[in-house]
Amino acid sequence: MDNNSNKSTTMDLSNIKSMPIRTFWITSIAFFICFFAWFGIVPFMPDVVKDLGLTPNQKWNSIILAVSGTVFARLLIGKLCDKYGPRICYTYLLILGAIPVILIGFVQTPAQFLICRLFIGFIGASFVITQFHTSIMFASNIVGTANATSAGWGNLGGGANRLGMPLIAAAVVSFGVADEVAWRYAMVIAGIIAMTMGVIYYYFTQDTPEGNFSELKKLGKMPTLKKDEESFKNVLKDYRVWILFIVYAASFGMELTVYGTMDDYLQNTFGLTRSTAGNLVLSFALMNIFARTLGGFFGDRFGRLKGLRGRVIFLTIILALEGLMLSIFSLTTSFTMGIIFLIAFSLSVQMAEGATFSVVPFINKKAIGSISGIVGAGGNVGAFLAALLLKSKSAMAETNALASSTGLGEEAMRAAQAAAASNAVSSGYFMIGGFVVLAALASLAIKFSTVDEKSVQTETAISASAPSKFLGTKA
């Protein structure tokens with residue numbers, strides 16, 4: 001299927017009459033809503049623990065389950081996008097994914113809560129569809145920027161829920177609902193919003209610039225099922241896909257883990273209040289407004305200068321910088337220096353995510369969905385493994401600290417526990433930073449054929465006849 005002639009070569013976001021631009025907005029908003037609902041329960045965890053009587057282990061398990069469910073969903077949804085198209089896949093994901101979001105508002109036991117969190121994690125597969133949809137709507141000169149921006153703005157949902165969900169709960173309370181159950185109503189409302197977005201996606205987008213997959217198949221412009229299967233087998237055999245899997249584990253996976261543990265780390269290490277620590281972490285998450293876009297933008301720029309190899313080189317540089325910033329941060333005891341290196345880490349990790357998906361569309365254009373699914377799943381696998389590492393190190397250190405400080409008083413025990421947790425997580429961050437640097441070096445092994453390079457050069461030359469625009473300005 002060749003969509004090059006009708007792909008958008010600009011990012012003029014005010015031109016909503018253009019199908020690629022309209023799709024960009026709708027798919028970004030859909031991803032935002034999915035992220036908002038996926039982690040919507042996080043601000044309410046103290047209420048949930050009290051309401052359902054969750055143990056510390058059950059609380060940790062709920063976090064791990066929410067990430068684990070996404071791995072399988074992302075692997076599956078990519079293949080489904082290649083076969084049925086992003087429009088139908090997103091519609092079903094939003095509507096079906098909204099069901100566990102709504103049901104979690106009715107749970108009565110820890111087991112029911114854990115099951116709902118597992119299935120809510122499936123809507124994290126929305127990332128794959130968003131990346132697939134923007135990849136086939138935008139030309140090679142701007143696709144990295146489009147992918148990175150849609151993903152970055154969608155990721156904002158994971159930070160916006162820290163403010164949005166409490167506001168929804170407060171609105172519910174104003175109608176006379178008790179504070180202790182307001183979280184239930186908030187989750188139900190979030191689910192209804194996601195379900196509504198599914199209907200909007202169906203009626204206001206289409207699969208490609210030329211039309212929907214079903215229409216193109218009737219016209220003979222889509223590959224057959226047999227070719228699809230062969231393409232997927234080739235995807236699994238392509239070593240570059242698995243390198244990108246590791247790269248995304250080292251970027252998005254580490255971002256999820258670090259932000260998920262940073263509140264407690266800032267409190268234990270620098271003595272911040274929970275409110276201050278939470279606001280700092282929220283501000284770092286909000287950097288997705290521009291940071292991930294920068295990664296895609298510079299990926300496109302390096303691509304114009306050095307071809308596909310240039311995209312890989314930029315990815316290597318920014319990923320290595322991410323690892324170094326995290327390792328240095330883990331060794332910092334000064335609050336001021338710590339914040340400086342944490343800002344540098346936040347900027348580089350989000351740029352690395354954008355740079356990763358400035359490379360993905362060029363691996364195999366016949367299987368963008370499958371590749372996006374595998375690479376996207378890498379992020380959640382990385383988050384899962386990193387969370388297990390930090391949990392094991394922290395739990396053991398805290399247990400030993402409490403045992404050694406027994407009898408010294410509650411305040412002394414609390415201080416010993418905080419110090420032990422800080423040291424354990426610091427050590428974990430340093431190890432994770434080292435892994436990220438190794439992943440950066442591994443990314444240099446990604447190669448492209450001369451045919452691939454010439455194909456992109458030809459497409460770029462065609463696209464050059466229309467100047468690239470971003471937010472209505474010339475690039």
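Start by selecting residues 335–359, which make up helix α15. Keep in mind that you're looking at a predicted model. Helix α15 has 25 residues and runs 36 Å from its first C-alpha to its last, close to the 36 Å expected at 1.5 Å a residue. Now show the surface around this helix: α15 is mostly covered, with 18 of its 25 residues buried.

Next, select Leu 294. Which helix is it in? Leu 294 sits in helix α14, residues 291–331. Show its side chain, too: Leu 294 is partly exposed, at 30% relative accessibility. Setting aside neighbours within four places in sequence, Leu 294 is in contact with Leu 347 and Met 351. Residues 335–359 form α15, so you're back at the helix where you began. Gln 206 and Leu 294 are 88 residues apart in sequence, and their C-alphas are 27 Å apart in space.

Last stop: the cysteines. How many disulfides are there? The count is zero, by a rule that needs two cysteine sulfurs within 2.5 Å. Pick Cys 34 and you'll find that the nearest cysteine sulfur, in Cys 81, is 12 Å away. Cys 34 is also buried, with a relative accessible area of 1%.

Now jump to Cys 116. Is Cys 116 buried or exposed? Cys 116 counts as buried, at 10% relative accessibility.

Definitions and conventions
Residues numbered from 1 in each chain as written. Predicted model: local features only at pLDDT ≥ 70, side-chain atom pairs only at ≥ 80, totals over all residues. Heavy atoms only, no water. Buried < 20%, exposed > 50% of the residue type's maximum accessible area, 1.4 Å probe, protein only. Helix = DSSP H or I, 4+ residues; strand = E, 2+ residues; numbered from the N terminus. Contact = heavy atoms within 4.5 Å. Expected span 1.5 Å × (residues − 1).
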